[in-house]
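Subject: The structure I promised you

Hi,

Here is the structure I said I would pass on. Have a look at it, and then read on for what turned up.

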Amino acid sequence: MAQAQELPRVDELLDRLAGPDLRNWQVVEEEIVTLWSRSGSASADYLLERGRAALAEGDFPAAYNHLTALTDHAPEFAEGWNARATLFFEMQHFGPAIADIGRTLALEPRHFGALMGLGYMLEDMGEMDHALAAFQAAQAIHPHREEINEAVARVARALNGAAL
C-alpha cells in the first residue's frame, strides 16, 4: 500500500543495495525502511507508529491491538504485516509470525528484514536447510549487513557439520 510514486524509488534503492560496492549502504537501508513505513494513509501510519512504540516498551497486548487494527485497516501494507510478525517473533509465537512474514513477502518479496526474521525462526526450529535459504535470499538483496552474512556462514557450517 506504499504510495505509488515511492515504489519506483524503493525498487531503485533495493537495486543499489544489492550492489557489491555500495559504501553508504546504511543510508540506503534507512531510506528503504523509511519508505516501506509510509502507507499513504495517516491512520495506518499512526497505527504502525503506536504498534512499534508499544512493542519497544514491551507492551505486547497494546502492540497486538494496534498492529492487528493496522493489518485489518490496510491489508495491502507490507510493513504492517512485518511489524506484527516482529511482535509474534518477540513473543516466540513462530506460527503466527511465519504466517505474517508470508503476507509481508507476498506484498514485498525483497523485504530483507522479513527474510532475516524467517531465517532466525527456522534456525531456532531446527529447519536448517530452509533457514539457510531464507538467509541467502536476504543476503542476495542486502549483501552488506554483517548479521546476514554471519547467519549464512553459521547455518552453512551447521549443515556441513551435520553432513560429516
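What pattern does the protein chain follow when read along the sequence? The answer is α-α-α-α-α-α-α-α-α. That comes to nine helices and zero strands, where helices (H or I, at least four residues) and strands (E, at least two) are DSSP runs numbered from the N terminus.

Some housekeeping before the details. This is a predicted model, so local features need pLDDT of at least 70 and side-chain atom pairs count only at pLDDT 80 or more, while totals for chains, interfaces and linings use all residues. Residues are numbered from 1 along each chain as its sequence is written, and side-chain values use heavy atoms, with hydrogens and water left out.

**Overall build**

The protein chain has 164 residues, and a compact globule of that length would have a radius of gyration near 15 Å; the chain has 16 Å, which agrees. (That radius is taken over C-alpha atoms, and the globule rule is 2.2 Å times the number of residues to the power 0.38.) Along the principal axes, the C-alpha atoms fill a box of roughly 55 × 35 × 25 Å.

How much of the protein chain counts as buried? It is 43% of the 164 residues. Buried here means under 20% relative accessible area, exposed means over 50%, and partly exposed is in between (1.4 Å probe, protein chains only). The accessible surface comes to about 8300 Å², and 54% of it belongs to carbon and sulfur atoms. Those areas come from the Shrake-Rupley method with a 1.4 Å probe, and for residues only the protein chains shown count as cover.

As for contacts (heavy atoms within 4.5 Å), take those in the protein chain with a separation of 6 or more: residues 24 or more positions apart account for 53% of them.

**Charges and salt bridges**

The protein chain carries 12 positive and 25 negative side chains, with the centres of the two sets 3 Å apart. Lys and Arg count as positive, Asp and Glu as negative, and His and the chain ends are not counted. The place of each charge is NZ of Lys, CZ of Arg, CG of Asp or CD of Glu.

Side chains of opposite charge can pair when their charged atoms come close. With a salt bridge defined as a side-chain nitrogen of Lys or Arg within 4 Å of a carboxyl oxygen of Asp or Glu, the count comes to nine. Here are some of them:

- Glu-79 and Arg-52 meet in a salt bridge at 3.0 Å, N to O. Glu-79 lies in helix H5 (residues 78-90) and Arg-52 in helix H3 (residues 42-56), so this pair ties together parts that are 27 residues apart in sequence. Glu-79 counts as buried at 6% relative accessibility, whereas Arg-52, at 33%, is partly exposed.
- Arg-84 and Asp-100 form another salt bridge, with their closest N and O atoms 2.6 Å apart. This pair links distant parts of the chain, with Arg-84 in helix H5 and Asp-100 in helix H6 (residues 94-107), 16 residues apart. Arg-84 is buried at 11% relative accessible area, and Asp-100 is buried at 4%.
- Arg-154 and Glu-123 meet at 2.7 Å, N to O, again in a salt bridge. Arg-154 sits in helix H9 (residues 146-163) and Glu-123 in helix H7 (residues 112-124), so the pair ties together parts that are 31 residues apart in sequence. Arg-154 is partly exposed at 31%, while Glu-123 is buried at 17%.

Salt bridges also link Arg-9, Glu-12 and Glu-31 in a network.

Met-116 lies in helix H7 and counts as buried at 10% relative accessibility. Its C-alpha atom is separated by 6.7 Å from that of Ala-134, 18 residues apart along the chain.

Thr-86 has its place in helix H5 and is partly exposed at 32%.

Last, go to the loop between H5 and H6, where Gln-92 is found. Most residues other than glycine have a negative phi. Gln-92 has a positive value, near 65°, and counts as exposed at 52% relative accessibility.

Enjoy looking around!
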